[in-house]
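Subject: Handing over a structure

Hello,

Here is the structure I promised to pass on to you. Please open it first, and then read my notes below.

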Amino acid sequence: MIEKIRQFIDKGDRFLITTHIDPDGDALGSAFSLYYALEALGKTVNVFLKDPIPYMYEFLPKPLQMTHELPTDQYDVIFVLDCGNLYRVGEGFERLKGMGAFINIDHHMTNETFGVVNMIDEGASSTAEILYGLFRTLKISITSDMAINIYTAIVTDTGSFRYENTGSKAFLICEEMTKLGVKPAYVSQKVYENHPKERFWLIGLVFSTMETCCQDRVAVACVTEEMFKKTGTDKDYADGLVELIRGIKGVEAAVLIREINKQRYKISMRSKGLVDVASICGSFGGGGHKNAAGCSIDGTLEEVKNKLKKCFLKEFI
């Protein structure tokens with residue numbers, strides 16, 4: 001598989017890198033580190049992100065060639081990173097199908113293997129961990145700009161090494177990144193301790209909506225457009241709130257319901273290990289990992305809550 005990727009890289013001149021909507025640390029760190037790796041090989045590289053970079057990741061070294069508008073060019077290869085399925089790239093993803101060959105690199109067990117080459121490792125902590133292995137095999141030197149992106153990707157996708165996807169490789173890679181100059185305290189401060197005060201106003205409103213079910217083993221909270229408007233925030237400020245909900249004593253699964261419009265809601269789920277939230281999200285067309293997954297559900301807010309509660313009740317019967 002790596003040999004196939006090597007052949008595509010050697011033969012190609014023009015590359016596009018993309019990842020999922022609402023990009024997190026792994027999506028961005030993976031995309032940016034791969035950009036610098038291909039650029040070092042003398043390739044022409046562009047990065048397409050459907051959504052803006054969330055404020056907590058603005059510190060990351062990033063490409064000069066980056067767009068939020070779907071490209072119209074042709075590419076030798078399109079790298080799709082950290083996406084379980086192609087539609088996670090965002091609206092207009094169908095148009096990418098005629099622009100170049102897909103190389104799909106991911107660590108989600110629900111990946112639909114839509115690429116010409118599919119490099120999927122469910123045991124990896126992150127997509128960045130897989131890319132690190134690719135860089136080393138291809139003998140690509142890791143620069144300081146690559147290092148901070150790789151480190152940030154792994155740290156954020158493992159919840160600062162708290163999640164079950166944390167393995168020995170994650171620690172070893174991050175150790176190497178620190179030897180290349182990454183300062184863990186700096187990254188932690190930028191990602192976790194650099195929130196505008198408006199985020200905390202939003203947290204108060206979100207937690208006021210929280211309700212539990214299944215003998216208090218499942219906690220559900222909501223964030224609406226009205227809350228964003230009232231606090232002067234947007235969806236970026238809701239990043240990580242589902243992890244706060246999971247931190248409640250006795251809660252086995254946490255759910256954050258975010259309003260997209262009055263008839264559609266984005267669902268983020270986190271589990272402490274007993275509940276397979278990827279399976280639940282999969283029943284609604286989403287996916288992810290056993291302990292971290294997401295999906296979208298149509299209906300009113302109350303209808304969405306009831307659909308979710310029914311699924312969780314089945315889990316705890």
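Below is what I found, starting with the whole chain and ending with a few single residues.

First, some ground rules: this is a predicted model, in which local features need pLDDT of at least 70 and side-chain atom pairs count only at pLDDT 80 or more, while totals for chains, interfaces and linings use all residues. Residues are numbered from 1 along each chain as its sequence is written, and side-chain values use heavy atoms, with hydrogens and water left out.

The protein chain holds 11 helices and 12 strands (DSSP runs numbered from the N terminus, with H or I of at least four residues for helices and E of at least two for strands). Its radius of gyration is 19 Å, close to the 20 Å that the globule rule gives for 317 residues, so the chain is as compact as a globular protein of that length (the radius is taken over C-alpha atoms, and the rule is 2.2 Å times the number of residues to the power 0.38). Along the principal axes, the C-alpha atoms fill a box of roughly 55 × 40 × 40 Å.

Of the 317 residues, 53% count as buried (buried means under 20% relative accessible area, exposed over 50%, and partly exposed in between, with a 1.4 Å probe and protein chains only). Among contacts with a separation of 6 or more, 65% come from residues 24 or more positions apart (a contact means heavy atoms within 4.5 Å).

Now to the cysteines. How many disulfides does the count come to? The count is zero, where a disulfide is a pair of cysteine sulfur atoms within 2.5 Å. For Cys83, the closest cysteine sulfur is in Cys281, 16 Å away and too far for a bond. Cys83 is buried, at a relative accessible area of 0%. Cys214 is in no disulfide either, and its nearest cysteine sulfur, in Cys213, is 3.8 Å away. Cys214 is also buried, at 6%.

Two backbone angles are worth a look. Most residues other than glycine have a negative phi. Asp22, however, has a positive phi near 50°. You will find Asp22 in the loop between strand S1 (14-19) and helix H2 (25-40), partly exposed at 23% relative accessibility. Lys139 has a positive phi as well, near 60°. Lys139 sits in the loop between helix H3 (127-137) and helix H4 (144-157), and is exposed, with a relative accessible area of 73%.
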